[in-house]
Amino acid sequence: MSRTIFCTYLQKEADGQDFQLYPGELGKRIFNEISKEAWALWMTKQTMLINEKKLNMMTPEHRQLLEKEMVNFLFEGKDVQIDGYTPPEK
């Protein structure tokens with residue numbers, strides 16, 4: 001049975017993560033406050049960031065940038081800005 005949490009990102013009750021996906025205190029906060037649905041949205045944005053900015057996850061500066069963007073997206077309500085990307089028309 002899945003656990004239900006109040007998702008900070010979605011601002012509603014939702015299915016929580018099955019286990020801690022990120023290390024440290026930030027990982028604990030994500031586990032307790034971010035739903036599976038919100039995490040999936042972040043994964044899409046993260047993939048775009050890595051690809052469009054050509055980030056190398058072996059570089060500490062690139063990992064720090066990605067973590068900063070993750071916190072901004074999940075907890076501060078800021079969307080990820082990628083230079084040159086235009087979202088498709090709906």
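Lys 53 is in contact (heavy atoms within 4.5 Å) with Met 48, Leu 65 and Gln 81, leaving aside its neighbours within four places in sequence. This is a predicted model, in which local features need pLDDT of at least 70 and side-chain atom pairs count only at pLDDT 80 or more, while totals for chains, interfaces and linings use all residues. Residues are numbered from 1 along each chain as its sequence is written, and side-chain values use heavy atoms, with hydrogens and water left out. Lys 53 sits in the loop between α2 and α3. Its C-alpha is 7.9 Å from that of Ile 82, although 29 residues separate the two in sequence. With 36% relative accessibility, Lys 53 counts as partly exposed; buried means under 20% relative accessible area, exposed over 50%, and partly exposed in between, computed with a 1.4 Å probe on protein chains only.

The loop between α2 and α3 also holds Lys 54. Lys 54 is exposed, at 69% relative accessibility. Not counting residues up to four places away in sequence, Lys 54 touches Leu 49 and His 62. The phi of Lys 54 is near 55°, a positive value in a residue other than glycine.

The C-alpha trace spans about 40 × 35 × 20 Å along its principal axes. Of the 90 residues in the protein, 29% are buried. Among contacts with a separation of 6 or more, 51% are between residues 24 or more positions apart.

Gln 11 is found in the loop between β1 (4–7) and β2 (12–15). Gln 11 is not a glycine, yet it has a positive phi of about 55°. Gln 11 counts as exposed, at 53% relative accessibility.

The loop between α1 and α2 contains Ser 35. Which residues does Ser 35 contact, leaving aside its neighbours within four places in sequence? They are Ile 5, Cys 7, Leu 10, Ala 14, Asp 15, Gly 16 and Gln 17. One of these, Ala 14, is 21 residues from Ser 35 in sequence and 5.8 Å away in space, C-alpha to C-alpha. Ser 35 is buried, and its relative accessible area is 0%.

Next come the helices. In α1, the buried residues are Leu 26, Gly 27 and Ile 30. They lie on the same side of α1 because they cover an arc of only 100° around the axis, the arc being that of the directions from the helix axis to the C-beta atoms. These buried residues of α1 pack against α2 and α3. For Ile 30, the contacts beyond its neighbours within four places in sequence are Tyr 22, Trp 39, Met 70, Leu 74 and Phe 75.

How do α2 and α3 lie, and at what angle do they cross? The axes of α2 (residues 36–52) and α3 (residues 60–75) come within 11 Å and cross at roughly 140°. Axes are lines fitted to C-alpha atoms, for helices over the stretch in contact, and angles run from 0 to 180 degrees between N-to-C directions. On the α2 side, the contact is made by Ala 38, Trp 39, Leu 41, Trp 42, Lys 45, Gln 46, Leu 49 and Ile 50. The residues of α3 in this contact are Leu 66, Glu 69, Met 70, Phe 73 and Leu 74. By class, the contact has ten nonpolar, one polar and two charged residues, where Ala, Val, Leu, Ile, Met, Phe, Trp, Tyr, Cys and Pro count as nonpolar, Asp, Glu, Lys and Arg as charged, and the others, Gly among them, as polar.

The last topic is the largest nonpolar core, which has 18 residues. A nonpolar core is a set of buried Ala, Val, Leu, Ile, Met, Phe, Trp, Tyr and Cys residues joined through side-chain atoms within 4.5 Å. Ile 30, Ile 34, Trp 39, Trp 42, Met 70 and Leu 74 touch the most other members. The elements that give two or more residues to this core are α1 (24–33), α2 and α3.

Conventions. Helix = DSSP H or I, 4+ residues; strand = E, 2+ residues; numbered from the N terminus.
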